[in-house]
Every structure is written in structure tokens, then in C-alpha cells.
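Hi,

Here is the structure I promised to pass on.

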Amino acid sequence: MTLTEREMSTITAQVNGKSVEVPEGSTILDACREVGLELPTLCYGPTMTAANACRVCVVELEGSRTLVPSCSRALEDGMVIKTGTERAQHSRRLVLELLGSASELDRSGDQLDSWMRAARAESDRFGPNAATVATPPKIEDDLYVRDYGRCILCYRCVDACGVEHQNTFAITVAGRGFEAHIATEFDVALPDSACVYCGNCIAVCPTGALVGRVEFDMREDDTWDVSRQEVTRTVCAYCGVGCNLDLHTQDGEIVSVTSPHDHDVTLGNLCIKGRFGWSFVSSGKDD
Ligand code: SF4
Ligand code: SF4
Ligand code: FES
């Protein structure tokens with residue numbers, strides 16, 4: 001078999017009774033998406049390798065004693081997968097409810113909201129006395145805020161800062177059990193750490209625990225309003241790399257800058273200049 005033929009070979013499996021054919025190397029999640037199914041994924045994102053940390057994506061695999069994480073389990077020929085069994089639904093709902101009871105998820109955005117609704121997960125399921133990870137936001141500079149009371153320990157920021165994208169390794173998980181938390185080396189403040197302020201951790205955080213300072217302040221003032229915001233695609237002019245930028249504007253002012261996750265060069269990543277070097281645009285505007 002030539003390499004080209006091997007690259008083009010496919011796997012056939014069954015998802016919820018439907019036959020599906022996907023390229024070799026696909027995951028169970030890829031097969032589910034191929035038949036139009038939307039499964040929640042928290043530790044796995046569009047630009048990340050699955051960390052296998054959250055288990056919110058589990059499905060039933062015929063012949064397997066346990067539920068399997070669809071984001072990381074490689075699809076094999078002839079697999080029979082069911083996503084809607086009582087056991088799979090119960091497990092996904094419980095994970096979302098435990099995360100929702102421990103962390104503030106009210107700034108997580110539409111996607112997590114819709115996954116919570118689809119799973120019929122109730123954040124207050126364990127009552128007002130459930131243990132939480134509540135902690136004051138870390139506001140240490142003008143660029144971004146770490147609000148770990150909203151953190152679900154998905155590892156995305158750790159991996160984005162480390163092996164997946166930035167290779168800076170400024171943050172990791174410290175502590176054990178309920179004390180586990182994202183920390184810089186020796187828990188020093190961000191400006192004193194190895195952080196280079198690329199903000200690539202913000203780009204992958206699914207809960208709003210990591211957030212630009214402007215957005216954080218506007219949310220605190222209750223002026224952040226996505227329905228009044230426009231997004232304009234442009235090219236960063238700071239250097240010759242030419243990263244694509246999405247400028248998010250509200251009332252004619254830039255309020256945040258992101259990069260498209262589906263860009264095959266940046267994969268949603270930027271450097272400090274592209275992500276944060278825009279406040280000069282409105283400097284002196286009201287003078
Ligand atoms: S800060 Fe965000 S990206 Fe990092 S572990 Fe917590 S929820 Fe995940
Ligand atoms: S975001 Fe950074 S690397 Fe990309 S074009 Fe701008 S200055 Fe260059
Ligand atoms: S998304 Fe699959 S284990 Fe987290």
C-alpha cells in the first residue's frame with residue numbers, strides 16, 4: 001500500500017444506528033460530528049489536543065465496560081457507539097453539575113450554556129452549601145485578569161502556554177484535590193512570572209476565568225454587551241508575520257482582539273503586540 005493510499009483509507013463505524021465513514025486517524029468525536037451530533041467538550045478545543053481531564057464528552061462503546069472519552073479515543077473499524085444512553089447522559093450531566101456547583105459559570109458564553117441546557121444540568125443541584133473554588137480575581141496589570149473562581153481546571157491554558165502553542169510554561173496545576181489550582185511558579189504575581197503576555201491562554205479558556213482587562217472592567221461596570229459588538233477581520237501591522245486579527249468593537253471602540261481559531265498559521269494565537277497593543281487607537285479621542 002502506498003503512503004497516499006494509506007492516508008486516504010477510511011474507517012466505518014456506527015453512531016446511534018447510523019453508518020459513518022471517516023478518515024483513518026479520526027476520533028469517536030469526529031465520527032459523532034460527521035453525523036451531526038454536538039457533544040460537549042471542555043478540556044478539548046478546536047486548537048488543542050485532548051487533555052482527557054474533564055470527561056464531559058463520554059459516550060457508550062459497545063463491548064467496553066466503561067464509558068469512553070470521545071475526544072481522545074481513536075475510532076476503530078466496526079465500533080458501535082451510542083451517545084444518548086441513560087448512563088452516558090447521566091454521566092455528562094453529573095460532570096457539568098459538579099463543575100457548575102464549584103465554579104461560577106455565568107460568563108462562559110453561549111456554547112457552555114447550550115451544553116448545560118442540552119444535558120439538563122442544574123448548577124444549583126447540590127444546594128447553596130456546596131463547596132466552591134470561589135477566590136478573588138487576580139488583577140495584577142492592565143492587560144488581563146485571572147478570575148479563578150470561574151476555573152474548571154480543564155488544563156487548556158496550561159497546555160496553550162506550554163507544549164501546545166507558546167512553549168513558555170509560565171503556568172501549571174499546583175495543589176491536590178479541591179486545593180488544585182492554576183498557578184505560576186511559586187504562585188508569584190503574573191508580572192513577576194515567566195509569562196510573556198501573549199494572551200494565548202485567554203483564547204482557549206472556555207469559562208471566562210481568563211479575560212482581557214478591558215472586558216473584565218466592562219463586565220464589572222455592566223457595560224459589556226456582545227449584542228452591540230461588531231467583529232472586523234484585519235491583519236496585524238506590527239511585524240512581517242502578518243497574523244489575522246479580529247477586532248471586537250463596541251460603540252466605535254476596540255474592546256478586545258482575538259485571532260481566528262481556524263487560521264492554519266496562527267491557530268488563534270497572537271503575541272502581546274497583536275493581542276493587547278491597540279489602546280493607542282482611541283488615545284486622545286476625547287481631547
Ligand atoms: S483558567 Fe480557564 S483554561 Fe485555564 S484551567 Fe481554568 S478554565 Fe481551563
Ligand atoms: S500578532 Fe505579533 S507575531 Fe503576529 S503579526 Fe502581530 S506582532 Fe507579528
Ligand atoms: S473533552 Fe473529552 S475528556 Fe474533556
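Predicted model: local features only at pLDDT ≥ 70, side-chain atom pairs only at ≥ 80, totals over all residues.

Helices (H or I, at least four residues) and strands (E, at least two) are DSSP runs, numbered from the N terminus. Strands of a sheet pair through backbone hydrogen bonds, either parallel or antiparallel.

Residues are numbered from 1 along each chain as its sequence is written, with chains lettered from A and ligands numbered from 1 in the order in which they are written.

**The overall picture**

The chain has eight helices and 13 strands. Its radius of gyration (taken over C-alpha atoms) is 21 Å, close to the 19 Å from the globule rule (2.2 Å times the number of residues to the power 0.38) for 287 residues, so the chain is as compact as a globular protein of that length. The C-alpha trace spans about 70 × 55 × 40 Å along its principal axes.

The domain assignment gives domain 1 (1–132) and domain 2 (138–282); such bounds come from an automatic or database domain assignment. Their centres, taken over C-alpha atoms, are 26 Å apart. The contact between them takes 19 residues from domain 1 and 19 residues from domain 2, where contact means C-beta atoms, placed from the backbone, within 7 Å. On the domain 1 side, the touching residues divide into eleven nonpolar, six polar and two charged. For that count, Ala, Val, Leu, Ile, Met, Phe, Trp, Tyr, Cys and Pro are nonpolar, Asp, Glu, Lys and Arg are charged, and the others, Gly among them, are polar.

One open sheet has five strands in the order 2-1-5-3-4, with mixed pairing. Strand 2 (18–23) and strand 4 (68–69) are at the edges with a single partner strand each, so one side of each has no neighbour in the sheet.

Strand 1 and strand 2 pair in the antiparallel sense over six bridges, with Gln14 opposite Ser19 in strand 2. The hairpin they make has two residues between the strands, and Asn16 takes a positive phi near 50°. On the other pairing, strand 1 (residues 10–15) runs parallel to strand 5 (residues 80–82), joined by two bridges. Gln14 turns up again here, with Val80 as its bridge partner in strand 5.

Helix 3 (residues 86–102) lies across strand 3 (58–61) and strand 5, at about 160° to strand 3. Angles like that run from 0 to 180 degrees between N-to-C directions, using axes fitted as lines to C-alpha atoms, for helices over the stretch in contact.

Two bridges link strand 6 and strand 7 (residues 144–146), and Lys138 has Arg146 as its bridge partner in strand 7.

Strand 8 (residues 171–174) and strand 9 (residues 181–184) run antiparallel with four bridges. Six residues sit between them in a hairpin, where Gly175 in the turn has a positive phi of about 85°.

Further along, strand 11 (residues 229–235) pairs antiparallel with strand 12 (residues 244–250) over seven bridges. Strand 12 is also joined to strand 13 (residues 253–258) by five bridges, again antiparallel, and His248 stands opposite Ser256 in strand 13. That hairpin has two residues between its strands, and Asp251 in the turn has a positive phi of about 55°.

**Which residues are around the ligands?**

Near here means a C-beta atom, placed from the backbone, within 6 Å of the molecule. Of the 13 residues around ligand 1, Cys151, Cys154, Cys157, Cys205 and Ala209 come nearest. By class, that shell has eleven nonpolar, one polar and one charged residues.

Around ligand 2 are Cys236, Tyr238, Cys239, Val241, Gly242, Cys243, Leu270, Cys271, Lys273 and Gly274. This shell has seven nonpolar, two polar and one charged residues.

Cheers

Note on methods: Contact = placed C-beta atoms within 7 Å. Pairing = 2+ DSSP bridges.
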